[in-house]
Amino acid sequence: MKTSMDFETIAKKSKRKQLWKTVSISIIGALALGVAISKGLTELTSYHGNRVKDDYLLRSQIAYPNVQYKSWYFNPTSTTTGNFTSDRFKNINGITVPYETYEANYSMWRNGDTTESDWIYQETDGEPIYTMKENLKSPMFYNIDFKSQGEDYQVAKELEMAKDMPGQAIEVAITFDKAYTYQELVQKLPKNLKLNWLWIGTSSNFDVSTLPPSDQLGLFANDSLSQDDLNFFNTNLEKAIKDGMLAKTYGTTSDGETSHSFNLETDAEYYLKNNDNIDKATFKGAILTGRAEDFAELASKDWIFASSIGQSVTIQPYHTLKN
């Protein structure tokens, strides 16, 4: 009897030991699986965050008239979500002026959703355009091939206003009457103004004056432009096309007779096909910066189709202007 009871005790202990072993293995397995899943979700979220960052940095090389960034960073909000942020500024004749902070949310499910940092608005046709968040005046470029029959459509000619802005440094978007090479522009532009940025223009008949800055394609000039600068821009433009960043078609606008559509990628492809040599590459607009009074001599130039003032800053004694 005693032997039988000993066997039962041993069997019970063995079962308990096996049960605890099974439970321990299950717990360890569950913890390991949880860690693996958490790590996988974190890596997927990180991947999408880096996609947002890479796309933004690339677009900053091919768009955003006179907009530069001084920093960028990630703000994780959970294991599966985060926010990408970049602090930006404009250079107005050597003076650093704050611009809209760029923000984009990302998660494990998608690359990112931009906030209003890239949005612009216009109260009515013909009125100035402002950024959505900080209400900063946004410089506008115009398509010389767009012919509107609408009574409300107006081309900005704001150079005349510069004389009423003494003591200020301003940026002005100049749309040319036709495409010009860099060397032709050097001969035309006043030496006391800074050439910050060049707009490649559009090959369409679309009204591009209300395009957001993120879709205005061009490159930084900083008072000089070389073949290497053009090659760098064209290489980035090709990469943006390959990555599908410019596959965007805007709705139609009507000139009273014909409706037009606009595709950003088509514009980029057209430019790349026809502008690979610095001596022949042409541009349809530019961002110029300088003292407001120094823009006076441009007001009567017939090669200027449109002029739109962007941001401005009061010149202080501690500012050092570049021109």
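1. A friendly start with one term: a residue is called buried under 20% relative accessible area, exposed over 50%, and partly exposed in between, using a 1.4 Å probe and protein chains only. By that rule K163 is exposed, at 56% relative accessibility. The model is predicted, so please keep in mind that local features need pLDDT of at least 70 and side-chain atom pairs count only at pLDDT 80 or more, while totals for chains, interfaces and linings use all residues. Residues are numbered from 1 along each chain as its sequence is written, and side-chain values use heavy atoms, leaving out hydrogens and water.

2. Next, the naming of elements. Helices (H or I, at least four residues) and strands (E, at least two) are DSSP runs, numbered from the N terminus. Two strands count as paired if DSSP finds at least two bridges between them.

3. Strand β7 (residues 129–131) is joined to β8 by two bridges, and I129 stands opposite S138 in β8.

4. Which residue in the loop between β7 and β8 deserves a look? N135 lies there, and it has a positive phi of about 60 degrees although it is not a glycine. N135 is partly exposed, at a relative accessible area of 41%. Another asparagine to visit is N222, in the loop between β11 (218–220) and α3 (227–242). N222 has a positive phi of about 50 degrees, again without being a glycine, and is partly exposed with a relative accessible area of 39%.

5. Now for the sheet of five strands. The order in this open sheet is β11-β10-β14-β9-β15, and the pairing is antiparallel. At its edges stand β11 and β15 (304–314), each with a single partner strand, so one side of each is left without a neighbour in the sheet. On average, neighbouring strands of this sheet are turned by 25 degrees against each other, direction ignored. For that angle, axes are lines fitted to C-alpha atoms (for helices over the stretch in contact), and angles run from 0 to 180 degrees between N-to-C directions. Within the sheet, nine bridges join β9 (residues 168–181) to β14 (residues 282–291). T175 stands opposite G285 in β14.

6. Which residues of helix α4 (residues 264–274) are buried? They are L264, D267, A268, Y271 and L272. These residues cover an arc of only 130 degrees around the axis, which puts them on the same side of α4. The arc is that of the directions from the helix axis to the C-beta atoms. At the start of α4, a side-chain oxygen of N263 comes to within 3.0 Å of the backbone nitrogen of E265.

7. Helix α3 holds N234, which is buried with a relative accessible area of 7%. Leaving aside neighbours within four places in sequence, N234 is in contact (heavy atoms within 4.5 Å) with Y271, L272, N275 and D276. Y271 and L272 are also among the buried residues of α4.

8. Finally, charged pairs. A salt bridge here is a side-chain nitrogen of Lys or Arg within 4 Å of a carboxyl oxygen of Asp or Glu, and the count comes to ten. One of them joins the side chains of D118 and R88 (3.4 Å, N to O). D118 lies in the loop between β5 (113–114) and β6 and R88 in strand β2 (residues 81–92), so the pair ties together parts that are 30 residues apart in sequence. Both D118 and R88 are buried.

9. E160 and K163 meet at 3.5 Å, N to O, and E160 is partly exposed at 46% relative accessible area. D223 and K194 meet at 3.7 Å, N to O. D223 sits in the loop between β11 and α3 and K194 in strand β10 (residues 194–199), so the pair ties together parts that are 29 residues apart in sequence. D223 is partly exposed at 34% relative accessibility, whereas K194 is buried at 8%. Salt bridges that share partners also join R59, D215 and K248 into one network.

Key
Polar contact = N/O pair within 3.5 Å; in protein donor to acceptor, adjacent residues only side chain to side chain.
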